[in-house]
There are 2 protein chains.
Amino acid sequence: MDIDSSSLKTGTGSEARDEIVRAAAEVFMEFGFAATSIDAVAERLGATKGRIYHYYRSKAELYFDVQIAAMERLLREIEPIARGEGNAAERLEAMALRHTTILLEDLPIQKVAVRGLERELLGAVAARHAKTLRSIVRMRDDYEQIFAEVIDDGIRAGLFADLPPRLATKPFFGAMNWLTVWYAPRRLQKPEDIAEIARTLTEFAMRGILKGAQP
Amino acid sequence: MDIDSSSLKTGTGSEARDEIVRAAAEVFMEFGFAATSIDAVAERLGATKGRIYHYYRSKAELYFDVQIAAMERLLREIEPIARGEGNAAERLEAMALRHTTILLEDLPIQKVAVRGLERELLGAVAARHAKTLRSIVRMRDDYEQIFAEVIDDGIRAGLFADLPPRLATKPFFGAMNWLTVWYAPRRLQKPEDIAEIARTLTEFAMRGILKGAQP
DNA sequence: TTGCCGACATACCGATGAGTATGTAACCTC
DNA sequence: GAGGTTACATACTCATCGGTATGTCGGCAA
């Protein structure tokens with residue numbers, strides 16, 4: 001009867017759903033979940049509600065799909081680096097650089113994901129979407145865990161400042177993810193500008209966690 | 001006829017307004033501006049809409065008052081430190097420690113302020129509240145400027161890593177302000193826990209900006 | 001004591017927007 | 001080429017919520 005009861009992009013309408021997700025991400029990024037109307041998303045698509053509700057059963061489901069798309073990309077790109085070669089500091093730096101670059105490149109989707117599951121959702125529609133919700137929270141936890149493990153490696157190797165790994169992860173992400181708050185892409189953004197921002201944030205985060213050389 | 005056309009807490013009803021602001025901050029923190037209903041704020045107060053609309057003319061005005069309360073406290077406490085004694089590194093560290101501590105102590109109000117003027121507002125009610133809006137943006141800029149100047153001092157004194165000051169400010173705030181995303185106060189939160197978090201974040205941010213000793 | 005006013009509560013209105021029901025044109029299949 | 005299905009658009013319903021209009025009650029001044 002319908003496309004797919006889950007939010008997975010299986011088969012039918014996969015590219016149509018992708019286009020909807022991208023448009024939705026732009027509007028969600030701009031106004032947040034609550035203040036975004038489905039009509040507004042449809043207008044950005046040059047279409048009407050009908051198109052969206054043909055592929056998604058609710059606004060929440062669409063929102064979840066944005067989050068999933070974001071987390072899938074991050075996990076897919078960062079995990080191999082974490083499991084790759086190099087010592088903890090080298091791997092962590094490569095992960096951070098890739099992470100910030102993805103945020104900057106894929107801003108709408110990533111910004112929505114970084115903002116996170118706004119509390120309004122957890123309380124409101126938690127029951128109906130409990131399974132999807134858990135899987136998203138799971139992905140976020142997994143992602144943080146990847147960083148936490150590398151950081152833990154580095155601490156035990158004596159490379160990083162001696163902090164509780166879980167707590168050290170927070171400002172590390174903070175230094176990077178904060179860009180979703182202050183960064184506004186300019187028309188004619190040059191790729192090297194993005195690269196410079198990514199490099200600066202990565203260096204800051206790495207200095208924050210590396211063991212100081214002053215004895 | 002009415003209390004005060006501006007959002008200033010002048011004279012009449014000052015403490016009543018304060019109580020409303022605190023309750024509003026809690027609900028805004030939880031649900032964001034758009035998803036927060038005035039009825040919900042009233043319920044948290046154990047009152048009805050009537051009480052709120054007696055002191056505030058709109059939901060936006062109430063929201064602005066939360067932001068103003070937050071920025072006033074930050075400016076009031078941090079500026080003296082910036083203008084105090086000590087070299088740039090010492091002053092910046094004291095500022096950061098105070099900043100994070102205030103965020104943790106005053107979480108609801110500060111979290112709303114850190115989240116910032118959500119874009120939905122700027123577009124929607126910008127015209128009616130243009131003056132208030134400008135003054136809030138002004139306070140935020142001033143606050144960031146205080147940090148930027150100390151950071152600039154430190155860079156020129158050769159204490160800090162050689163970065164564009166405006167760009168260096170971003171991850172510095174990021175490492176600290178990110179706590180508003182991940183930190184959830186626990187029942188029976190001990191003051192020393194707050195102090196440890198504040199110290200850890202401050203140390204991270206300072207290491208991030210201090211010139212590395214490795215030649 | 002009377003009359004006014006501040007401090008709310010209650011009752012109501014109108015707009016917005018999520019979700020649904022229904023139409024409909026193209027396309028695919030046999 | 002008839003019947004079904006996909007991919008939408010259109011039209012409508014209904015609940016929520018911001019804001020307002022009005023009522024009420026206690027205190028305070030004359």
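## Basis of the model

In this predicted model, local features need pLDDT of at least 70 and side-chain atom pairs count only at pLDDT 80 or more, while totals for chains, interfaces and linings use all residues. Residues are numbered from 1 along each chain as its sequence is written, chains are lettered from A and ligands numbered from 1 in the order in which they are written, and side-chain values use heavy atoms, with hydrogens and water left out.

## Relation of the two chains

Chain A is superposed on chain B by a rotation of 180° with 0.0 Å of shift along its axis, at an RMSD of 0.0 Å. The two copies are thus related as by a two-fold rotation axis. The superposition is by least squares on the C-alpha atoms of residues with pLDDT of at least 70 in both copies. Both copies use the same surface: 100% of the contact residues of chain A recur in chain B, where contact means heavy atoms within 4.5 Å.

## The interface

In the interface, 32 residues of chain A are in contact with 32 residues of chain B. About 3,000 Å² is buried between the chains, and carbon and sulfur atoms give 74% of this area. Buried area is the accessible area (1.4 Å probe) that two parts lose on being put together, summed over both. On the chain A side, Trp178(A), Phe204(A) and Arg207(A) lose the most area to chain B, together 24% of what that side buries.

Helices are DSSP runs (H or I, at least four residues), numbered from the N terminus. Helix H11 (residues 191-209) of chain A packs on helix H11 (residues 191-209) of chain B at about 120°, with axes 7 Å apart. Axes are lines fitted to C-alpha atoms over the stretch in contact, and angles run from 0 to 180 degrees between N-to-C directions. H11(A) and H11(B) are therefore oblique to each other; angles under 35 degrees count as roughly parallel, over 145 as roughly antiparallel, 65 to 115 as roughly perpendicular and the rest as oblique. The contact residues divide into six nonpolar, two polar and two charged. Ala, Val, Leu, Ile, Met, Phe, Trp, Tyr, Cys and Pro count as nonpolar, Asp, Glu, Lys and Arg as charged, and the others, Gly among them, as polar.

H11(A) also crosses helix H9 (residues 165-177) of chain B at roughly 50°, their axes coming within 10 Å. That makes H11(A) oblique to H9(B). Here Glu196(A), Thr200(A), Leu201(A) and Phe204(A) meet Leu167(B), Ala168(B), Pro171(B) and Phe172(B).

## Packing within chain B

Helix H4 (residues 59-82) and helix H5 (residues 88-105) of chain B pack at about 165°, with axes 9 Å apart. That makes H4(B) roughly antiparallel to H5(B). Among the contact residues are Leu74(B) and Ile78(B) of H4(B) and Met95(B) and Ile102(B) of H5(B).

How values were computed: Helix = DSSP H or I, 4+ residues; strand = E, 2+ residues; numbered from the N terminus.
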